[in-house]
Amino acid sequence: MQVGERELSLSNLHKVLYPATGTTKADVIEYYARIAPVMLPHLADRCITLKRFPDGVEHEGFFEKRCPKHRPAWVGTALGPGDRNGQIGYCRMDETASLVWAANMAALELHVPMALAADLDSPRAVVFDFDPGQPAGMRECCEAALWVRDVLAAVNLQGWAKTSGSKGLQLYVPLNSPCTHEKAADFALAVGQLLEHQHRDRVTTTMAKAVRPGRIFVDWSQNARHKTTIGVYSMRARAEPTCSTPVTWDEVEACAAGGVEPRFTWREVLARVEAHGDLFAPVLTTVQTLPSAG
């Protein structure tokens, strides 16, 4: 297969990776090739962790931080956090061919850090990861996102939301200005604790599973230097081929009011991008500064 200037050898294109929908590896490759123009700016110059499912989503997948040695010469690497404070070479996803190559290895999920590879100590955004504890679900995640939006507005900050592609919702607060992971995490925790105080029976910032049923866990720890979050537009290894998808605040408000829950499969994501472009683009360019402590 010719992708730009690159020649790729693809394999097992008819292999079914999502049995419930019959979605094949060829479908996955088609999705990543077509979504590349809007997805790549969110991956460029970052250390990308692959999560591969060579036997499909009904079997255990595995994370791959270290970029495979058998990669093509044109797939670049970037040094990022390793074990015991060391560094390892992660894959870079800087062109469409890189995404197609990863998809051919059944790397359904791409997990992305908040920092660029050139400056691992400076997050480009703060992330709020809303994780619902049953029986809470997406509607409650949308409610929590609106509460956070109100807090952000009070300190002159804006945020952009996306589905996780799984059960939850994520809210990104772009910085694109000097910051540390510690300050980002402290801010996310402070906002989460404020919500926890205001909605004690609905929100928690405690990681212990025992306190999470019926509540939304505001996972502030995703802002740690070594953590990654599912990349925007990445597919997810769920029963159906859903993707992490940007959503508008109108959609979040409608969901919180009991309307349609935002959930999009790969074909729907391509149609949304065709209609609306990259709703997450402002995250890459909006410059904001977190308020000073105290």
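1. Contact here means heavy atoms within 4.5 Å. That cut-off is needed for Tyr32. The model is predicted. Leaving aside neighbours within four places in sequence, Tyr32 is in contact with Met39, Leu99, Ala103, Ala107, Leu108, Glu109, Leu110, Tyr233, Ser234 and Met235.

2. Tyr32 also belongs to the largest nonpolar core, which has 86 residues. Tyr32 is among those with the most contacts inside this core, along with Tyr31, Ile35, Phe128 and Phe130. The core draws at least three residues from domain 1 (2-113) and at least three from domain 2 (125-284). A second core, of 6 residues, is separate. Its members include Cys47, Ala78, Ala117 and Leu120. As background, nonpolar side chains in soluble globular proteins tend to be buried together.

3. How many disulfides does the count give? The count comes to 1 disulfide. Cys67 is joined to Cys91, with an S to S distance of 2.0 Å. The link of Cys67 and Cys91 is right-handed, with 95 degrees about the S-S bond. The pair links distant parts of the chain, 24 residues apart. Cys67 sits in the loop between strand 6 (62-64) and strand 7 (77-81), while Cys91 lies in strand 8 (residues 87-91).

4. Are Cys67 and Cys91 buried or exposed? Buried means under 20% relative accessible area. Cys67 has 5% relative accessibility, so it counts as buried. Cys91 has a relative accessible area of 1%, so it is buried as well.

5. Two further cysteines deserve a look. Cys47 is in no disulfide. The nearest cysteine sulfur to that of Cys47 belongs to Cys91 and is 10 Å away. Cys47 counts as buried, at 2% relative accessibility. Cys141 is in no disulfide either. For Cys141, the nearest cysteine sulfur is that of Cys142, 6.9 Å away. A disulfide needs sulfur atoms within 2.5 Å. Cys141 is buried, with a relative accessible area of 0%.

6. Strand 13 pairs with strand 14 (residues 216-219) in the parallel sense, over 2 bridges. Val203 has Ile216 in strand 14 as its bridge partner.

7. Asp129 takes part in both directions: its bridge partner in strand 12 is Gln170, and it stands opposite Asp219 in strand 14. Why is strand 10 largely enclosed by the rest of the structure? Because 7 of its 8 residues are buried.

Note on methods. Residues numbered from 1 in each chain as written. Predicted model: local features only at pLDDT ≥ 70, side-chain atom pairs only at ≥ 80, totals over all residues. Heavy atoms only, no water. Core = buried A, V, L, I, M, F, W, Y, C linked by side-chain atoms within 4.5 Å. Buried < 20%, exposed > 50% of the residue type's maximum accessible area, 1.4 Å probe, protein only. Domains from an automatic or database assignment. Helix = DSSP H or I, 4+ residues; strand = E, 2+ residues; numbered from the N terminus. Pairing = 2+ DSSP bridges.
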